[in-house]
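Dear colleague,

I am handing over the structure to you with this email. Please keep it open beside the text while you read.

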Amino acid sequence: MTTKVRLDVTDGPTGSISTIELVDPNGGNTIDFDFVDELADAVRDIGPSTSCITITARGKNFCLGGDLAGFASATSPDDHVGTLAIRLHECLEALASLGVPIIVGVQGWSAGAGMSLALFGDILIAERSAKFRTAYGAVGLTPDGGMSWSLPRAVGRSVALDLFLTRRALGADEAHTLGAVSRVVDDGASADVVAELAALIAASSASAVRATRALVHEGLTSSFVDHLGAEARAIRKAAGGYDGREGVAAFLERRPAQFSTTTDESTDRKQPV
């Protein structure tokens with residue numbers, strides 16, 4: 001029985017949608033060893049047919065970060081916190097390795113590692129009253145969950161250091177203006193919007209979605225000239241695959257495209273003519 005994290009899988013036209021839900025609202029969806037154990041189980045259960053992953057939470061807050069009471073009661077706080085961070089990072093690495101878009105929807109507070117989890121998404125949907133706080137410095141700790149990597153890339157070095165060192169709260173509208181949040185929606189609407197976006201992605205070409213996501217991520221660290229080469233190789237591969245040919249044919253014939261349910265470009269499905 002899950003008490004912290006739950007996984008639901010629904011079928012889409014070209015692949016499944018894996019919904020990870022934080023289900024401990026009374027505990028603020030805080031991150032402890034039970035949390036990371038259940039998150040790891042959920043990640044292991046995500047199959048290769050998944051075309052999109054969503055992360056949402058029950059309750060008034062998305063995630064209040066690490067379980068500070070557990071930190072304080074640990075016999076060896078350094079081992080406790082360090083091991084917990086490693087276990088969380090293993091889950092995030094496993095999720096990232098799946099290569100599919102991750103959509104996160106947040107409400108209320110996302111603090112500490114909860115903010116890290118929010119920023120982990122490729123697309124972040126925030127309710128209008130949502131707030132973010134790095135929080136680490138307030139308790140004498142340093143960032144984990146990848147936030148010292150993701151936050152500067154989202155808002156720039158100067159703003160990231162402002163948020164880390166002053167620990168000020170960041171509202172949804174400001175986060176959207178800075179580029180950390182994709183969309184701001186009405187309170188109570190984030191889960192529905194996340195589901196709608198996931199359904200849209202799941203109806204798209206799975207191979208094109210994966211390749212586009214990979215290009216954007218690779219572009220963060222490659223040179224412009226190298227990236228042009230990567231784009232040329234990717235679009236060549238897409239144009240020769242089933243989905244590329246079907247997509248172009250469908251557009252010209254003014255009909256909905258019937259994309260493949262596989263990301264394997266070696267599919268022997270008959271090519272459209």
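This is a predicted model: local features need pLDDT of at least 70, side-chain atom pairs count only at pLDDT 80 or more; totals for chains, interfaces and linings use all residues.

Residues are numbered from 1 along each chain as its sequence is written, and side-chain values use heavy atoms, with hydrogens and water left out.

Helix H3 covers residues 77–97 (helices are DSSP runs of H or I with at least four residues, strands are runs of E with at least two, and both are numbered from the N terminus). Its buried residues (under 20% relative accessible area, with exposed meaning over 50% and partly exposed in between, for a 1.4 Å probe and protein chains only) are Leu84, Ala85, Leu88, Cys91, Leu92 and Leu95. Seen down the helix axis, these residues fall within an arc of 120° (taken from the directions from the axis to the C-beta atoms), so they line one face of H3. The face turned away from that buried side carries the exposed residues Asp78, Glu93 and Ser97. Just after H3, Gly99 has a positive phi of about 75°.

The chain is divided into domain 1 (5–203) and domain 2 (206–253), with bounds that come from an automatic or database domain assignment. Their C-alpha centres lie 28 Å apart. Between the two domains the count is 1 salt bridge (a side-chain nitrogen of Lys or Arg within 4 Å of a carboxyl oxygen of Asp or Glu). Asp122 forms a salt bridge with Arg213, with the closest N and O atoms 2.8 Å apart.

Kind regards

Note on methods: The expected span of a helix is 1.5 Å times one less than its number of residues.
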